[in-house]
Amino acid sequence: MIRIRKKDEAHLVIDSEDSGILMEISEAFTFYAEGYKFTPAYKNKWWDGKIRLYDTRTHQIPFGLLNQVVEFARSRNYKIDMEEKIKPILPATEDELDTFVKESRCHLTPRDYQTEAFKWAMQNQRGILVSPTGSGKSFIIYLMMRYFLKHDLDKKVLIIVPTTSLVEQMYKDFADYSNDDQEFDVEEDIHRIYSGKEKFDIEASVVITTWQSAINMPLDWFNCYGMVVGDEAHTFKAKSLTKIMNRLTRAYVRIGTTGTLDGAKVNELTLEGNFGSIYKVTTTKSLIDNDTLADLNIECLVLKYSDEIRKALSNLKYQDEIDFIVTNEKRNNFIINLALDQTGNTLV
């Protein structure tokens, strides 16, 4: 028997009278970190290179791995005793979500895959939406944010992005989406945080911040949030993201969005632990086939350096080699000339 109960919105407690089962769970959620062999801690034998997502001392595991734990138990025919309050909190039936989308005061009509992604996210209330650039992730986030605020008047929404430019972009997108919505005013309802911006005494119901700003906030700063969205979640430093998410102990709606996952098992499980299961919204090919995105052709150019340069750089450290490459005059001149030679819009 495996007992599953909720510690808070960030962690579950997994327990069993059979210590052997707990050891199996620990092993199932233990992985080697990427590049562990090259870390000083591993080389000096201070660390075995493994990341353990299940803590055998406290019996805690990230909440987002609930489905993985259930799948683990069922694959071994272990019985499960799950606490009732683990279930999603926000009311979100199929009819309620369809009605909300139809009645949303927005000049944009959601595409089918955007509606399905919104509905999946609100019904599960934890998860990672994988959707490529150009698919309208910010519009999906907007719909989720508005639905949450409609049903929870006591909690706020925290949206975390990797850069200050994305803070401004998200704000501008929301201003566009809510232009015809008399119940939502971005100037009053959204507060932006990055270097130099006010970080406390916030009255707005939505806060958009960089993770670099959020990570420095005191513990009690996070208590007012009931929903968190991590946009471009794959770009967050794993330790920083986990630290922030662990402090959001009252955020019961947790959605990550990303255009790509790198395929590394430990990275995906870290993201899933913080947010929840992965949901693929659409693909670039589907968007091209539906004429949502322009067709594209990719040509890869590989610059080859002389044998003398290769030999001279062979013993350099990684960062020193990168520094040489990005400051190489011949390489940069090639890129400049290539860009100048193109027709139409060119971005470097």
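The largest cavity is lined by Ala10, His11, Pro62, Met245, Asn246, Arg254, Gly273 and Asn274. A cavity is here a set of points, on a 1 Å grid over the protein atoms alone, where a 1.4 Å probe fits but cannot get out, and lining residues have an atom within 4 Å of a point. The model is predicted: local features need pLDDT of at least 70 and side-chain atom pairs count only at pLDDT 80 or more, while totals for chains, interfaces and linings use all residues. Residues are numbered from 1 along each chain as its sequence is written, and side-chain values use heavy atoms, with hydrogens and water left out.

**Largest cavity**

- About 30 Å³ of space lies in the largest cavity, a volume being the space filled by probe spheres set on grid points that are joined across faces, edges and corners.
- The structure holds one cavity of 30 Å³ or more.
- Helices α10 and α11 each supply at least two residues of the cavity lining; helices (H or I, at least four residues) and strands (E, at least two) are DSSP runs, numbered from the N terminus.
- The residues of the cavity lining divide into three nonpolar, four polar and one charged. Ala, Val, Leu, Ile, Met, Phe, Trp, Tyr, Cys and Pro count as nonpolar, Asp, Glu, Lys and Arg as charged, and the others, Gly among them, as polar.

**Largest pocket**

- The largest pocket holds about 950 Å³ of space; a pocket is an open set of points with protein on both sides within 12 Å along at least five of seven lines.
- Of the 35 residues that line the largest pocket, Ile51, Leu53, Ala238, Thr242 and Thr270 are the closest to its centre.
- Two or more lining residues of the largest pocket come from each of β4 (50-52), β5 (60-62), α10 (238-247) and α11 (265-274).
- Helix α11 gives the largest share of this lining, seven residues.
- By class, the lining of the largest pocket comprises 16 nonpolar, twelve polar and seven charged residues.

**Four-stranded sheet**

- An open sheet of four strands runs in the order β5-β2-β1-β6, with mixed pairing; two strands pair if DSSP finds at least two bridges between them.
- Strands β5 and β6 (80-82) stand at the edges with a single partner strand each, so one side of each is left without a neighbour in the sheet.
- Neighbouring strands of this sheet are turned by 30° against each other on average, direction ignored.
- Helix α3 (residues 66-75) packs on the sheet and touches β1, β2 (11-15), β5 and β6, its direction making about 170° with that of β1. Contact means heavy atoms within 4.5 Å; axes are lines fitted to C-alpha atoms, for helices over the stretch in contact, and angles run from 0 to 180 degrees between N-to-C directions.
- Strand β1 (residues 2-6) pairs with β6 in the parallel sense over three bridges, and methionine 82 in β6 is the bridge partner of isoleucine 4.

- Six of the six residues of strand β8 (residues 156-161) are buried, so β8 is largely enclosed by the rest of the structure. Buried means under 20% relative accessible area, exposed over 50%, and partly exposed in between (1.4 Å probe, protein chains only).
- Both faces of β8 are covered, with Lys156, Leu158 and Ile160 buried on one side and Val157, Ile159 and Val161 buried on the other.
- Strand β11 (residues 225-231) pairs with β8 in the parallel sense over five bridges, with methionine 227 in β11 as the bridge partner of valine 157.
- Strand β10 (residues 206-210) runs parallel to β8 and is joined to it by five bridges; isoleucine 208 in β10 stands opposite isoleucine 159.

**Buried charged residues**

- Lysine 119, in helix α5 (residues 112-124), is buried with a relative accessible area of 5%.
- Leaving aside neighbours within four places in sequence, lysine 119 is in contact with Glu94, Leu97 and Asp98.
- Arginine 146, in helix α6 (residues 137-151), is buried with a relative accessible area of 11%.
- Not counting residues up to four places away in sequence, arginine 146 touches Phe100, Asp181, Glu183 and Phe184.

**Overall architecture**

- The protein has 15 helices and 13 strands, and its C-alpha atoms fill a box of roughly 65 × 60 × 45 Å, taken along the principal axes.
- Of the 348 residues in the protein, 45% are buried.
- Among contacts with a separation of 6 or more, 69% are between residues 24 or more positions apart.
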